[in-house]
Amino acid sequence: MDKILIIGAGGQIGVELTLALRDIYGRNNVIATDIKEEHPILKADNGPFMNLDVMDFKEVAKVISHQNITQVYLLAAILSATGESKPIWAWDINMQSLLNLLEICRENKVKKFYWPSSIAAFGSTTPGNNTPQHTIVEPTTVYGISKYAGELWCQYYFNRYGLDIRSLRYPGLISWKSAPGGGTTDYAIDIYIEALKKKHFTCFLAEDTYLPMMYMNDAIRATIELMEAPADKIKNRMAYNLSSMSFSPKEVAESIKKHIPDFTIDYAPDFRQQIAASWPQSIDDTEARTDWNWKPEFDLDKMTVDMLENIKIKLGL
Ligand SMILES: NC(=O)c1ccc[n+]([C@@H]2O[C@H](COP(=O)([O-])OP(=O)(O)OC[C@H]3O[C@@H](n4cnc5c(N)ncnc54)[C@H](O)[C@@H]3O)[C@@H](O)[C@H]2O)c1
């Protein structure tokens, strides 16, 4: 029987991934951990939770060994916008957490290890439309540098030690259950909340800034499908490009207006505009589709319906 450890389970992805994995593996076989206190949604789910600092090598190793962990999902990280405010701290956490877990997983013969990368691994010299899997990669943010270096470390541990490590380059992820953690694509979540609360939104990106995006339902499904695929199907041991949609703030606003006709938007680009400008506008994920049959389900309008419905209920509107 598999036993799963999720590190950074209280974040935007972690909460939903923990619930999805508990549905498959059983509540008691999925241990959620985070440096902060247990997220209320996880608390309500009543599964196992521990406070754990990913930088504490000895403690993480102890938990993995004592709990007989067979799969690890490492989600703790400092995201793009937050990382730029304290680059050395962000580098330290993003890299050391991964190196700690690679070593601990190797020593403890963990069967499978998941660590997400990001479209932030690309930079302004990367071809921005339909960015191929293998292309020029010169990231300019500390977050992006840590993601690309991390991908290379993952491949190294697979080649050198046979650690079964799998990774995805997530686009900007949009969700309503748990709040985003300081990324450059967070506007695409706040816009729905403000549309429902105030019928107005001031966007920190310019109206024509196209970025690759994905609804959380698709991202969770992609993660689990990648992890459940037979090992011989995983031909890429760095990180797979993953794509579902690409849109600009203006297009999300238009999608929202179909349901809230008097919604208005204005634009006040800040430092995050520069980060967004260095990332691709759309991604070619042919390898993921070919190797392990990836196929997205949500487009912009389908996501808008689901976001508005769920946020309305959550906010009691
Ligand atoms: N959300 C996105 O749009 C997106 C896009 C691309 C890649 N990713 C990647 O996915 C992963 C998860 O992202 P997320 O959006 O859920 O981030 P998040 O910021 O919402 O969650 C990260 C979690 O890690 C925890 N954490 C931070 N420092 C820790 C430490 N020292 N020890 C233990 N836990 C710690 C935080 O408390 C938080 O709950 C990250 O690697 C991120 O780079 C996310």
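How many bridges join strand S4 to strand S5, and do the two run parallel or antiparallel? In this predicted model, 3 bridges link S4 (residues 71-74) with S5 (residues 112-114), and the two strands run parallel. The chain is assigned two domains, domain 1 (4-171 + 214-241) and domain 2 (173-213 + 244-315). Both domains give residues to the shell around the ligand, so the ligand lies between them.

**Sheet**
- An open sheet is formed by 6 strands with parallel pairing, in the order S3-S2-S1-S4-S5-S7.
- Its edge strands, S3 (49-51) and S7 (165-166), each pair on one side only.

**Domains and their contact**
- The centres of domain 1 and domain 2, taken over C-alpha atoms, are 22 Å apart.
- Domain 1 brings 44 residues to the contact and domain 2 brings 36.
- On the side of domain 1 that touches domain 2, the elements giving two or more residues are H1, H4 (80-85), S11 (211-215), H8 (216-228) and S12 (240-241).
- Helix H8 supplies the largest share of that side, 7 residues.
- That side of domain 1 consists of 20 nonpolar, 18 polar and 6 charged residues.

**Ligand shell**
- The ligand is surrounded by 28 residues, of which the closest are Gly-8, Gly-11, Ala-76, Ala-77 and Gly-181.
- Helix H1 (12-25) and strand S9 (172-174) are the elements that give two or more residues to this shell.
- H1 gives the most, with 3 residues.
- By class, the shell holds 15 nonpolar, 10 polar and 3 charged residues.

Terms used:
Residues are numbered from 1 along each chain as its sequence is written. This is a predicted model: local features need pLDDT of at least 70, side-chain atom pairs count only at pLDDT 80 or more; totals for chains, interfaces and linings use all residues. Two strands pair if DSSP finds at least two bridges between them. Helices (H or I, at least four residues) and strands (E, at least two) are DSSP runs, numbered from the N terminus. A residue is near a molecule or strand if its C-beta atom, placed from the backbone, lies within 6 Å of it. Ala, Val, Leu, Ile, Met, Phe, Trp, Tyr, Cys and Pro count as nonpolar, Asp, Glu, Lys and Arg as charged, and the others, Gly among them, as polar. Domain bounds come from an automatic or database domain assignment. Two residues are in contact if their C-beta atoms, placed from the backbone, lie within 7 Å.
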